[in-house]
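Visitor: I have a model open and would like to talk it through with you. Could you take me around it?
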Amino acid sequence: MKIKRRDFLKGAAGCGVLAAVGQPAYAEAKKKERLPGALGFLYDSTLCIGCQACMVGCKKANEMPVESTDLLPIWENPRDLSAKTLNVIKKFESGTGTNKDQETDGFAFIKRQCMHCVDPGCVSACPVSAMRKNPDTGVVTYNKDACIGCRYCQIACPFNIPKFQWDAAFPQIVKCQLCSHLLPKGEIPGCCSSCPTGATVFGPTTELMAEAKRRQQMEPGKYYDFPVSSIDSGKNFSQQAARYVPEIYGENEVGGTQVLMLAGVPFSKLGLPELPEKSYASTAETIQHTIYKGMIAPIVVLAGLFYFVNRSQKDKD
Amino acid sequence: MSEAKPVGGKVFTGPFLFFLVITLIGIYFLAKRFMFGIGSVSNMNDGFAWGIWITYDVVVGTAFACGGYSMALLVYVFNNGEYHPLVRPALLASMFGYTLAGVSVFIDIGRYWHIYNVFLPWYTNFNSVLLEVALCIAAYIAVLWIEFSPTFLEAATGTKSKVNKLLIFFIALGILLPTMHQSSLGSVMILAGNKLSPLWWTPALPLIFLISAVTMGYTVVIFESTLSALGFKRPFETDMLAKLSLVIPILLVIFLVVRFGDLLIRGQLGLAFSGNLQGNMFLLENILHIVPLVILASATNRKNAKMLFLSACCLMLGGLLFRFNTYLIGFNPGEGWNYFPAIGEQFITYTIISAEILLYMIFVKKLPVLPSHGQAKV
């Protein structure tokens, strides 16, 4: 290759700038904190009796169609979240499956729906802000008028929550929005109002966190009062405390979630992913914002490129 | 410097009809997709929300369409005017590659009638890597058509148009935009987090994708130039390609150093030898990068048209596999989710590829694209 030294140096300098633009930055992102008005619910697997009233409550509150899966016993219908089901109770079983909330020869229930992340992957992913985090309540909502159906939210959700209407000509993304249509009316989410045992209680996340910590201090086997429906409902249910695993799921996972969970068996057994404390959204956004801060780097590079292209044309003339 | 001239000859040849039939079959499945939804033709599901339409048509497709970008970088930034005859055919392939990637996005997104929302300031989300990709690709498609426009003018007026300042601006933009979105196509998968195998999940994804894209650009120029020579019975441009191909081993060394350096720093290299599908695919991906490196490191091989073509094929497969691994094979949304593209879904992809080949054939025959040295046989 015949390259003049002067040109080579200039070219190399230009490429250095280009490489710097492409260079990822490993700088630490500012961690997003829980909003003071964050709302969510606490799900306590040890209080859940698997009655699935919350699934019925959810369907009613959101006017969702019934769904059945062939070849499965009635209880297991539907098996998982789908474009028709925003909330599902699943069961873990091992060995003889006789003892509740035991890892060996036991069983336990788990509720799955949107976790309403503190730093949600879907909100970061969505190119058109169809996924939004309410600035007051922190509830993650979906706006079909903005959505282009790219499904990046599905790729970006560590919990696989957003679902897509694959069989519709004009499809939408479907997910739990914490019944945000009921909250302004002073009502609480369908799953919480329909839960008879207090396994799912609605409330501000700070109060739910305090309640979760209180439960972890309880002496297993002793009777305690557990709030029903919502943390401040005044309705209580007296129940023997179970042996909890020493973890509040959602306290730190991907930067924390507004839905919190307690259980008697490890969460990995219940199908919940093991996640780092740092959200993937903050990693992606840090890289992106470092490269494109104020669009300064791209503009500088463009000016450099203009100079090079112009020079190469002059050389030709 | 040799002028570009239309190749001429009949448009309706055997290969042309073959690709036309595939395109027509694909159009049937496209009609089905728009009438009954994506699920009616595709095996994509809530676990694997992206299938081959994104992975092949967009991510691989635009990487294979980096010829125009890489050649512009060489000719204009490194000021190697001698390669100028290769720019126009590369630009043409890029133009189709990117335009059809844009069409694929339209087919893939569920709510395509809202596609203009990415341009509406009250909807745009500047935290979204995908927004940056969408805007950059949209802009680059426009830039490619503008960059190619002198060819239309020459065909219409019969005179060579002068490059003016405005076109120089678009050429510069045509180098900036792919640098931005080809790296961002790597950043996109950072959000996949725990679902993407650590063999591919790394904060260095944007850098690795960018190096790979530039490499793909030169590789595709060699690939297309060889195929054009065979297909249109033109002389091989081996001399020029031999010189050009020296760039590839240099880029491959950089690619492999960053790739393995990153894996070593993160301590994840062991996964490559776990014997599972992901580990094996990782090994295959890297073999497909190392073999062309070894071949092209030798000056004798670089002057050999067959060896050049073999390396180009290897490397294109390697680049393709790297992207399939990052977007599909290394992606595991959890137990119970499976994905293999359905027949209809595959045919829509074949249609995109066929349409690109058809358009390329028509354009080089009717417009001054390929360099005119050597007579084209009819």
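Guide: Let me begin with a rule for helices: the expected span of a helix is 1.5 Å times one less than its number of residues. Please keep in mind throughout that this is a predicted model.

Visitor: Okay, so what should the 20 residues of helix 9 of chain B span at 1.5 Å a residue, and how far apart are its end C-alpha atoms?
Guide: Helix 9 of chain B covers residues 247–266 and should span 28 Å, and because its end C-alpha atoms are 29 Å apart, the model agrees with that expectation.

Visitor: Which residues of that helix 9 of chain B are buried?
Guide: The buried ones are Val247(B), Ile248(B), Leu251(B), Leu252(B), Phe255(B), Arg259(B) and Leu263(B). Looking down the axis of helix 9 of chain B, these buried residues fall within an arc of 120°, so they line one face of the helix.

Visitor: Why would residues three or four places apart point the same way?
Guide: An α-helix has 3.6 residues a turn, so residues with that spacing, three or four places, point the same way.

Visitor: And what do the buried residues of helix 9 of chain B pack against?
Guide: They pack against three helices of chain B, namely helix 7 (205–231), helix 8 (238–244) and helix 10 (277–296). On the other side of helix 9 of chain B there are exposed residues, which are Val253(B), Val257(B), Gly261(B), Leu264(B) and Ile265(B).

Visitor: What follows helix 9 of chain B?
Guide: The residue that follows is Gly267(B), and its phi is positive, near 65°.

Visitor: Switching to chain A: how many helices and strands does it have?
Guide: Chain A has eight helices and 12 strands, and buried residues make up 45% of its 317 residues. If one takes the contacts in chain A between residues at least 6 apart in sequence, 62% of them join residues at least 24 apart.

Visitor: In what order do the three strands of the open sheet in chain A lie?
Guide: The order is 2-4-3, with mixed pairing, and the edge strands are strand 2 and strand 3 of chain A, each of which pairs on one side only. Strand 2 (residues 88–93) of chain A pairs with strand 4 of chain A in the antiparallel sense over six bridges, whereas strand 3 (residues 99–100) of chain A runs parallel to strand 4 of chain A and is joined to it by two bridges.

Visitor: Which residues face each other there, say for Glu93(A)?
Guide: Glu93(A) stands opposite Phe107(A) of strand 4 of chain A, and Ile89(A) has Lys111(A) as its bridge partner in that strand. For Asn99(A), the bridge partner in strand 4 of chain A is Gly106(A).

Visitor: Is strand 4 of chain A mostly covered or exposed?
Guide: Strand 4 of chain A, residues 106–112, is mostly covered, since five of its seven residues are buried.

Visitor: New topic: how many residues does each chain bring to the contact?
Guide: The contact takes 62 residues from chain B and 59 residues from chain A. On the side of chain B that touches chain A, the largest share, 11 residues, comes from helix 6 of chain B, and the residues of that side divide into 37 nonpolar, 21 polar and four charged.

Visitor: Lastly, what is the mean pLDDT of chain A?
Guide: The mean is 88, and 87% of the residues of chain A reach 70 or more. Care is needed over residues 1–6 of chain A, where pLDDT stays under 50 and the model has six contacts beyond four places in sequence. The pLDDT is also below 50 over residues 12–28 of chain A, a stretch that has 31 contacts in the model beyond near neighbours in sequence.

Methods
Residues numbered from 1 in each chain as written. Chains lettered and ligands numbered in written order. Predicted model: local features only at pLDDT ≥ 70, side-chain atom pairs only at ≥ 80, totals over all residues. Helix = DSSP H or I, 4+ residues; strand = E, 2+ residues; numbered from the N terminus. Buried ≥ 20, exposed ≤ 12 C-beta atoms within 10 Å, placed from the backbone. Arc of directions from axis to C-beta. Contact = placed C-beta atoms within 7 Å. Pairing = 2+ DSSP bridges. Nonpolar A, V, L, I, M, F, W, Y, C, P; charged D, E, K, R; others polar. pLDDT = per-residue confidence, 0-100.
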